[in-house]
Amino acid sequence: MKRLLILVCLLFLVIGVSAQSRLTEEQREEAIARYQEYLERLNLTEDQKPKVEEINMNFFEGLSNLKQSSGSRLDKYRTFKELSDKRDAEMKKVLTREQYAIYKENQQEQRQNFKERRRSQR
């Protein structure tokens, strides 16, 4: 549970929750519930769970470091793309074809949600 909470916190750090705003308890619980639902949809085996968790932790740690870096937007985008491509390749090795399709579908949903949040902030 502790690793799950860390993963969720890293996720929110990366997807745009600014340092000034803090997650309410309700938002934190909602994020954990969404992540749990996502993991249930993937239907991971006991062998896959630690591998997927490790891949995600490495990805979110990389994003956290990227967010704190002082590079240009283009440099940050390139680094993000490298991190994302590496994560996809690693997930493809661990997940079955059906699970990988769910993984990619979830990524698309995340992108759409991110775009909607950015539009509403303008």
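At what angle do helix α2 and helix α5 pack, and how far apart are their axes? In this predicted model, helix α2 (residues 25-42) and helix α5 (residues 97-121) pack at an angle of about 150°, and their axes are 9 Å apart. Because angles over 145 degrees count as roughly antiparallel, α2 is roughly antiparallel to α5. On the α2 side the contact is made by Y38, R41 and L42, and on the α5 side by Q99, I102, Y103, E105, N106 and E109. By class, this contact has four nonpolar, two polar and three charged residues.

**Overall fold and confidence**

The protein chain has five helices and zero strands. Read from the N terminus, the order of elements is α-α-α-α-α. Of the 122 residues in the chain, 29% are buried. Among contacts with a separation of 6 or more, 68% are between residues 24 or more positions apart.

The average pLDDT of the chain is 83, and 80% of the residues score at least 70. Among the elements, helix α1 (residues 2-14) has the lowest mean pLDDT, 56, while helix α4 (residues 73-94) has the highest, 95. Over residues 17-21 the pLDDT stays under 50, and for this stretch the model has three contacts beyond four places in sequence. Where pLDDT is low, the predicted coordinates should not be read in detail.

| Helix pair | Angle | Distance between axes |
|---|---|---|
| α2 and α5 | about 150° | 9 Å |

**Q48 and its surroundings**

Q48 lies in helix α3 (residues 48-68). Its relative accessible area is 7%, so Q48 is buried. The side chain of Q48 reaches the backbone nitrogen of T45 at 2.8 Å. The Q48 side chain also makes a polar contact with the side chain of Q99, at 2.8 Å. Apart from neighbours within four places in sequence, Q48 is in contact with N43, V94, L95, T96 and Q99.

N43 lies in the loop between α2 and α3. The phi of N43 is near 55°, a positive value in a residue other than glycine. Most residues other than glycine have a negative phi.

**L83 in helix α4**

L83 lies in helix α4, the element with the highest mean pLDDT. With a relative accessible area of 21%, L83 is partly exposed. Which residues does L83 contact, leaving aside its neighbours within four places in sequence? They are F59, G62 and L63. Between L83 and G62 the C-alpha to C-alpha separation is 7.1 Å in space, and they are 21 residues apart in sequence.

Technical notes: Residues are numbered from 1 along each chain as its sequence is written. Side-chain values use heavy atoms; hydrogens and water are left out. Axes are lines fitted to C-alpha atoms, for helices over the stretch in contact, and angles run from 0 to 180 degrees between N-to-C directions. Helices (H or I, at least four residues) and strands (E, at least two) are DSSP runs, numbered from the N terminus. Angles under 35 degrees count as roughly parallel, over 145 as roughly antiparallel, 65 to 115 as roughly perpendicular and the rest as oblique. Contact means heavy atoms within 4.5 Å. Ala, Val, Leu, Ile, Met, Phe, Trp, Tyr, Cys and Pro count as nonpolar, Asp, Glu, Lys and Arg as charged, and the others, Gly among them, as polar. pLDDT is the predictor's confidence in each residue, from 0 to 100. Buried means under 20% relative accessible area, exposed over 50%, partly exposed in between (1.4 Å probe, protein chains only). A polar contact is a pair of N or O atoms within 3.5 Å; within protein, one must be able to donate a hydrogen and the other to accept it, and residues adjacent in sequence count only if both atoms are side-chain atoms.
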